[in-house]
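Thank you all for coming; I would like to walk you through one protein chain today. Please have a look at the sequence and the structure before I go on.

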Amino acid sequence: IKLNDDDDDEANKPFVQDARIVSLSVPGDPANAPLDSLPSNAKLLAVGSSMDEFDIPKLQEQKPNVIFVSPGPTKESLAELVTALEPHGLQWIHTRSAGIDAIYSETLANSSDDIVLTNA
C-alpha cells in the first residue's frame, strides 16, 4: 500500500475509470440528454424503463459498472436490474432524484457494500 504524500504528484492524480452505463429511465427523456454526449471513457450500453427492455445476457457480458436512474421506472425494476448486474461488476448506482425513497428496496439494502449509491 502506498500512503498519500502531499508532495507526491502520482498520489494526487485523480483515479479515472471507464464507465459502462445502463440507464434505467424512460427512453427519450429530454432530461437525460447529457447521456448522448459522454466523455470518451464513458459508454452508454442500454436505456430502458423496465427489465423487458434490456438484453440482460448481453449486458452481463459487457460488465456495466454504473446504473443511472431517472424518475419513472419502479424500484422493483431497479431491484431486478441490480440482482442481474451486481455479480458482473456493478459499482455505482446514481439516481437523478433528490432523494432515494422512490428507488430504495430490500435488494439495495442487501446489495454489496462495494456498490456506491448517490443521488442528485
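Among contacts between residues at least 6 apart in sequence, what share joins residues at least 24 apart? In the protein chain that share is 66%, where contact means heavy atoms within 4.5 Å.

Please keep in mind that this is a predicted model, in which local features need pLDDT of at least 70, side-chain atom pairs count only at pLDDT 80 or more, and totals for chains, interfaces and linings use all residues. Residues are numbered from 1 along each chain as its sequence is written, and side-chain values use heavy atoms, with hydrogens and water left out.

On confidence, the mean pLDDT (the predictor's confidence in each residue, from 0 to 100) of the protein chain is 88, and 88% of its residues reach 70 or more. Over residues 1-5, however, the pLDDT is below 50, and this stretch has six contacts in the model beyond near neighbours in sequence. Where pLDDT is low, the predicted coordinates should not be read in detail.

As for the fold, the protein chain has three helices and five strands, which are DSSP runs (H or I, at least four residues, for helices; E, at least two, for strands) numbered from the N terminus, and their order is β-β-α-β-α-β-α-β. Of the 120 residues, 36% count as buried, that is, under 20% relative accessible area with a 1.4 Å probe, protein chains only.

Finally, β1 (19-24), β3 (66-69) and β4 (92-95) each supply at least two residues of the lining of the largest pocket, and by class that lining has seven nonpolar, four polar and one charged residues. Here a pocket is, on a 1 Å grid over the protein atoms alone, an open set of points where a 1.4 Å probe fits, with protein on both sides within 12 Å along at least five of seven lines, and lining residues have an atom within 4 Å of a point. Nonpolar covers Ala, Val, Leu, Ile, Met, Phe, Trp, Tyr, Cys and Pro, charged covers Asp, Glu, Lys and Arg, and the others, Gly among them, are polar.

Note on methods:
Buried < 20%, exposed > 50% of the residue type's maximum accessible area, 1.4 Å probe, protein only.
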